[in-house]
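Biologist: I would like to go through this model with you, one question at a time. Please show it first.

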Amino acid sequence: MNRPVGAATRGTTNPNRLRRMDRWIAATHGPALRRSEAPVAVDLGYGAAPWTALELLQRLRTADPRCEVVGIEIDPARVAAAKPYERAGLGFRHGGFEVPLPARPALIRAANVLRQYDEREVAAVWARLRARLAPGGLLVEGTCDEIGRRHVWVALGPEGPRTVTFATRLGSLERPSDLAERLPKALIHRNVPGEPVHAFLRDFDRAWAAAAPYASLGARQRWIKAAGDLAGDWPLTDCRRRWRQGEVTVNWAALAPNSV
């Protein structure tokens, strides 16, 4: 057996930690899953407990009841611990970035995995994972806090990165730039003057401050107003329906680092 590609990470996990990402995937990638002949999703690097894989299955099945999930972990002890939770449509397998499945999956989710790698390794990992996607597949890679209140992820297709999504529990937010600490590895070291992601968060903070009168209507209405104003200067790819969920999605090209 070939050695899995990658390195073991801390494996920290909590129930419901990835709910924002899961709901976004089900809503935006649901049509592609329904078009797939075999909608298999991978929870890559699910950690020391299998909760995130179980929850991913439940949420994807709201989009397509045929969905199956395979949790893949580089630590064989974690795979052994997850085996008792296997059921119809849910399995666990030892592996890494090579994604050892017989067929290409329709979705790969890698949450809180690359954050523990060097920034210089990200492009190669993305390329390897994208190459494993089925036609029309999606790779979602990002980072969140320990209980899933703040989350930022990149969505990539087989052709490359498409979008960046900022998602938060609005009641916990002082300003949009609070999400900077959860930027994925490809962007977290780029939050400095002169880089696009820094300019985006600066403008988001300004729009949030200008929307302060809407705070009397609640944080959700303030967020919606700020996002609407932000859309005048930045290529947001979503709309009010997703903004109501505490999300904003922007085209990757607008935030891509100036250099690698």
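Modeller: A residue counts as buried when its relative accessible area is under 20%, as exposed when the area is over 50%, and as partly exposed in between. Keep in mind that this is a predicted model.

Biologist: Is Ser-36 buried or exposed?
Modeller: Ser-36 sits in the loop between helix 1 and strand 1 (40–44). Its relative accessibility is 19%, and the cut-off for buried is under 20%. Ser-36 therefore counts as buried.

Biologist: Which backbone nitrogen lies 3.2 Å from a polar atom of the side chain of Ser-36?
Modeller: Leaving aside neighbours within four places in sequence, Ser-36 is in contact with Arg-66 and Ala-106. The nitrogen you ask about is 3.2 Å from the Ser-36 side chain and belongs to Ala-38.

Biologist: Is Asn-16 buried or partly exposed?
Modeller: Asn-16 is found in the segment before helix 1 (19–35). It is not a glycine, yet its phi is positive, at about 65°. With a relative accessible area of 33%, Asn-16 falls between the cut-offs of 20% and 50%, so the term is partly exposed.

Biologist: What is the relative accessibility of Val-99?
Modeller: Val-99 also has a positive phi, near 50°, and is a residue other than glycine. Its place is in the loop between strand 3 (90–94) and strand 4 (107–111). Val-99 counts as buried because its relative accessibility is 0%.

Biologist: The backbone oxygen of which residue does the side chain of Arg-150 reach?
Modeller: Arg-150 lies in strand 6 (residues 150–157) and is buried, with a relative accessible area of 14%. Not counting residues up to four places away in sequence, it touches several residues, including Thr-143, Asp-145, Asp-178 and Glu-181. The backbone oxygen reached by its side chain, at 2.5 Å, is that of Ser-172.

Biologist: How far apart are the C-alpha atoms of Trp-24 and Leu-201?
Modeller: Trp-24 lies in helix 1 and is buried at 6% relative accessibility. Among its contacts beyond four places in sequence are Leu-138, Trp-153 and Arg-242. Trp-24 and Leu-201 are 177 residues apart along the chain, and their C-alpha atoms are separated by 21 Å.

Biologist: At what angle do helix 6 and helix 7 pack?
Modeller: Two packed helices are described by the angle between their axes and the distance between the axes. Here the axes of helix 6 and helix 7 are 8 Å apart, and the angle is about 125°.

Biologist: What kind of aromatic pair do Trp-208 and Trp-223 form?
Modeller: The structure holds 10 aromatic pairs. In the pair of Trp-208 and Trp-223, the centres are 6.3 Å apart and the planes are at 75°. Planes over 60 degrees apart have their own class, so this pair is edge-to-face.

Biologist: How many residues apart in sequence are the parts that this pair ties together?
Modeller: Both Trp-208 and Trp-223 are buried, and they belong to a cluster linked by ring pairs that also includes Phe-166 and Trp-234. Trp-208 lies in helix 6 (residues 196–210) and Trp-223 in helix 7 (residues 219–230), so the separation in sequence is 15 residues.

Notes: Residues are numbered from 1 along each chain as its sequence is written. This is a predicted model: local features need pLDDT of at least 70, side-chain atom pairs count only at pLDDT 80 or more; totals for chains, interfaces and linings use all residues. Side-chain values use heavy atoms; hydrogens and water are left out. Helices (H or I, at least four residues) and strands (E, at least two) are DSSP runs, numbered from the N terminus. Buried means under 20% relative accessible area, exposed over 50%, partly exposed in between (1.4 Å probe, protein chains only). A polar contact is a pair of N or O atoms within 3.5 Å; within protein, one must be able to donate a hydrogen and the other to accept it, and residues adjacent in sequence count only if both atoms are side-chain atoms. Contact means heavy atoms within 4.5 Å. Rings of Phe, Tyr and Trp (its six-membered ring) pair if their centres lie within 6.5 Å; planes under 30 degrees apart count as stacked, over 60 as edge-to-face and the rest as tilted. Axes are lines fitted to C-alpha atoms, for helices over the stretch in contact, and angles run from 0 to 180 degrees between N-to-C directions.
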